[in-house]
Amino acid sequence: MWSRYDGVVVRSELRVLARHGLGVTRSFCFWPDFVPEPQVLDETAAGHFADFLDAHVEAGLGTIPTLVVGHMSGENWDPPWRGGRDLYRDVWLVGQQAWLAQELAERFGQHPAVVGWLLSNEMPLYGGPAPTDEITAWARILVQALRAGGARQPVSVGDGAWGIEVSGADNGYSLRALAPLVDFVGPHAYPMQDDEHRQALAAAFACELAGGFGKPVVLEEFGVTSDFAADDLAAGYYRQVLTTTLLAGATGWLAWNNCDYDDLAAEDPYRHHPFEMHFGLTDREGRPKPQLLAMAEFGALLEGLGDEGFEPVKGDVALVVPEHYERTLPFTTQAYRDDLRDGLFQSYVAAREADLPVAVARERDGLPATARLYLAPCTKLITAPGLERLRQLAGGGATVYLSYFAGSTTNQRGPWITWLDELFGVRHRLRYGLADAIDDDVVELELVEGLGGLSAGTRLTFAVAGEPSARSYLPVETAGAEVVAVDRHGRPALLRHAVGAGRTVLCTYPLEHMAARTPRVNPEDTWRLYAALAESAGVTRPVSVADPRIVAGALRHGGSTTSVLVNCSTEPIVAEPVLSGGDALAPRVIGPMGVAVISLSERVADLETVPASHEGGDPLGAS
C-alpha cells in the first residue's frame with residue numbers, strides 16, 4: 001500500500017465508507033516498508049501516511065494506526081535487518097519497536113485523523129507465545145514510547161484478545177496483566193462452528209469474556225471472505241455479530257476489511273491464501289457489497305441510541321467462570337480448560353436462547369452478589385473457596401445451578417467438588433475409578449415437581465454425546481434435597497435444596513457438555529430449563545420471545561430502553577415480544593439472520609403498531 005500509494009484511490013474508498021455511515025478505519029504501518037533500516041523512517045512511506053491521514057479528515061473519518069505490523073493475512077513479514085532476534089526478549093529489538101512508536105507519535109500524534117493506536121497486528125502470530133511478564137513488559141515499553149512521543153489517544157495491544165481469560169489457552173497475553181496498560185480491549189473473532197446458534201453468538205461470547213477488566217471492549221476484527229460465504233449470507237452474519245456483540249457490551253466495531261483486491265492475486269500472501277482477497281466491504285471496483293449495507297444499518301441503529309452512551313441490560317443472571325479456566329493451576333491440563341470453555345459457551349448460548357440478562361462472573365474476582373441466578377455448567381473444576389462462595393450466595397437468597405461433569409479424560413476423572421451434602425442436599429454413590437455410563441442415546445428428564453414455568457409432567461430431552469468419560473451421570477441419593485426431575489430410569493436427575501434464604505439446583509447430567517459435542521443441536525432443551533430456573537429465581541427479562549431461535553435483549557440509553565431481536569436461523573420467524581411487565585407487543589416478521597429494533601420507551605404506541613424489521617434490504621431504525 002505504501003510503496004505503491006495512490007491518494008486518488010484512497011479518497012474514493014474513504015468516500016464510500018463515509019457515505020455508508022462508517023466513522024473510523026484501522027491502518028497498518030507495515031514494518032518492512034516504514035523502517036528499511038534500524039531507526040530510519042522511510043520518508044516516502046511517512047509522506048504517503050501523512051496524505052492518508054489528510055484524506056481521512058477530508059472524508060470526515062478517523063483512523064487507528066497499527067504500529068508493529070509483521071503479520072498480515074497468512075504470512076509473517078520481517079524487516080530485513082531483524083536478523084532472527086526475539087521480538088520480546090532482545091533489548092535492542094524491543095528498543096527498535098519503541099523507537100518506531102515514539103517516532104510515529106511525534107510525527108502524527110497531533111493529527112486530527114488519529115483517534116487511537118494499536119501496538120501490533122495479532123502479535124501472537126508474529127512473536128509467538130511467551131511468559132506473561134515478558135509480554136507485559138514489552139507492551140509497557142511500547143505504550144510508554146507512544147506517550148513519550150506525545151500521543152494522547154486511546155491505545156490497545158492489537159493482539160486479538162486471545163489470551164487465557166478469553167480462550168482458556170495461555171499465550172502470555174493476559175488481559176488481567178495488560179488491561180492496566182491500555183484504554184480498551186480488542187477481540188478478533190473468526191469462529192468456525194458446527195451449529196447455527198454457536199456461530200451467531202461466538203463473537204458475543206468472546207466480548208463477554210473480554211469484558212470485566214475495567215476497560216471498554218471494541219470488536220477490533222471480525223468478518224468473512226466471500227469465498228467462504230455467499231454475500232447475502234455473509235451480510236446476515238454481519239448483522240448477527242454486530243447486534244449480539246452490542247448486547248454483550250461491545251462499544252466499537254471494526255470489520256475486516258475495506259475492499260477486495262483481486263489485482264494482487266500474483267503477490268504473496270494472496271497468491272497462496274487467495275481467499276484473503278475477498279473480505280472486503282466493497283468489491284474490487286469499489287462497489288458496496290451487502291456486508292457494507294449491513295454496517296450502514298447498524299450505524300443507523302447506533303445513531304438512534306443517541307449521544308449519551310448505552311449499556312446492555314444484563315447481570316441478573318451470572319455465568320460462573322472458574323479460576324481453573326483462566327489460570328494454569330498445578331497438575332492440570334489444557335483439556336480441562338478446553339472442556340470448561342466449551343461448557344461455558346454452550347451455557348451462554350442456552351441462556352441467550354432463553355433471553356436471560358446473562359453476564360460473566362469470574363470466580364477469581366470473588367463472584368459478586370449482584371445476580372439472582374448463578375449458572376455453573378458442567379463444573380468439574382472449581383476451587384474450595386469458590387464452592388464456599390456459591391454456598392454464601394445461595395444462603396443470601398440467590399439460586400445456584402450446577403451440572404455434573406466427570407471430565408472428558410481419565411486423568412483424575414470425577415468432579416473436583418466436595419460438600420455435596422451441604423451444598424445440594426445429596427450423597428453421591430460414585431465408585432472409584434469407574435464412570436457411571438449413560439447408556440441411552442437420548443436423556444429424558446421428567447419433572448415430578450413444578451419449576452418456574454414448567455409444570456410437573458413436563459419432559460425435557462437431550463442428545464447424548466461426548467467422550468466416553470464425559471458420557472456419565474452422577475448417581476445420588478437425597479439427603480435433604482427435593483427431587484424435581486427424574487430420568488427415564490427413575491433416578492434423581494434434577495434436585496432442589498434450600499440453603500438459607502436461597503436454594504441450589506443440581507443436575508446429575510452434563511447437559512451443556514453433551515450439547516457442546518453435538519453438531520447442529522441448538523436450540524435444545526437446556527434453554528427451557530434455564531428459563532424455568534430464572535423464573536423461579538425471580539429474574540427479570542427485559543424482553544423475551546417464545547421462539548428460542550430469536551435472541552432478545554435490551555439496551556439502556558439516556559432515559560430510554562431499546563430492545564434488539566436477532567434471528568439466529570436462516571428461516572423467517574414471526575416474533576411475539578413480551579416485555580418484563582407482561583405486555584405483549586405486536587407480532588413482527590424477522591427475516592433470515594435478520595434483526596428487529598423496538599424502542600420500549602414508546603411501548604404503548606408499539607402495542608398497536610408493528611415496527612420495522614429487517615429482512616435484508618432497508619436500513620434499521622428504532623421504531
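Visitor: What makes strands β9 and β10 a pair, and which way do they run?

Guide: Two strands count as paired when at least two bridges are found between them. In this predicted model, five bridges join β9 (residues 317-321) to β10 (residues 358-362), so they pair, and they run parallel. Valine 317 stands opposite valine 358 in β10.

Visitor: How many bridges join β9 to β11?

Guide: Three bridges link β9 with β11 (residues 373-376), and these strands run parallel too. Here leucine 373 of β11 is the bridge partner of valine 317.

Visitor: Why is β9 called largely enclosed?

Guide: A residue is buried when its relative accessible area is under 20%. Five of the five residues of β9 are buried, so the strand is largely enclosed by the rest of the structure. Val317, Leu319 and Val321 point one way, Ala318 and Val320 point the other way, and all are buried.

Visitor: Why is threonine 25 called buried?

Guide: Its relative accessible area is 12%, and the cut-off is under 20%, so threonine 25 is buried. This residue belongs to strand β1. Leaving out residues up to four places away in sequence, threonine 25 touches Leu14, Leu17, Phe52, His56, Leu61, Gly62, Thr63, Ile64 and Leu254.

Visitor: How far is threonine 25 from valine 155, in sequence and in space?

Guide: They are 130 residues apart in sequence and 15 Å apart in space, from C-alpha to C-alpha.

Visitor: What is the order of the sheet that holds β1, and which strands are its edges?

Guide: The order is β1-β2-β3-β4, an open sheet of four strands with parallel pairing. The edge strands are β1 (24-30) and β4 (155-156), as each pairs on one side only. Between β1 and β2 (residues 62-69) there are six bridges in the parallel sense, with serine 27 opposite proline 65 in β2. Helix α6 (residues 132-148) lies across β2, β3 (117-120) and β4, at about 140 degrees to β3.

Visitor: What makes β8 and β26 edge strands in their sheet?

Guide: That open sheet has four strands in the order β8-β21-β22-β26, with antiparallel pairing. β8 (311-312) and β26 (595-599) each have a single partner strand, so one side of each is left without a neighbour in the sheet. The pairing of β8 with β21 (residues 550-557) is antiparallel, over two bridges, and glutamate 311 stands opposite arginine 556 in β21.

Visitor: What is the end-to-end reach of α10, and is the helix covered or uncovered?

Guide: α10 (residues 231-248) has 18 residues and reaches 25 Å from its first C-alpha to its last, close to the expected 26 Å. The helix is mostly covered, with 15 of its 18 residues buried. Just after α10, glycine 249 has a positive phi of about 110 degrees.

Visitor: Why are α13 and α17 described as roughly perpendicular?

Guide: The axes of α13 (residues 334-353) and α17 (residues 526-537) come within 8 Å and cross at roughly 65 degrees. The range from 65 to 115 degrees counts as roughly perpendicular, so the label applies to α13 and α17. Ser347, Ala350, Ala351 and Glu353 of α13 make the contact with Thr526, Trp527 and Tyr530 of α17. This crossing of α13 and α17 is right-handed.

Visitor: How do you know that β17 pairs with β14 and β18?

Guide: The requirement is at least two bridges. Glutamate 446 stands opposite valine 486 in β17. β17 and β18 (residues 492-499) pair over four bridges in the antiparallel sense, and leucine 494 in β18 is the bridge partner of alanine 485. The hairpin of β17 and β18 has five residues between the strands, and its glycine 490 takes a positive phi near 80 degrees.

Technical notes
Residues are numbered from 1 along each chain as its sequence is written. This is a predicted model: local features need pLDDT of at least 70, side-chain atom pairs count only at pLDDT 80 or more; totals for chains, interfaces and linings use all residues. Side-chain values use heavy atoms; hydrogens and water are left out. The expected span of a helix is 1.5 Å times one less than its number of residues. Buried means under 20% relative accessible area, exposed over 50%, partly exposed in between (1.4 Å probe, protein chains only). Axes are lines fitted to C-alpha atoms, for helices over the stretch in contact, and angles run from 0 to 180 degrees between N-to-C directions. Angles under 35 degrees count as roughly parallel, over 145 as roughly antiparallel, 65 to 115 as roughly perpendicular and the rest as oblique. A crossing is left-handed if the near helix is turned anticlockwise from the far one by less than a right angle, and right-handed if clockwise. Contact means heavy atoms within 4.5 Å.
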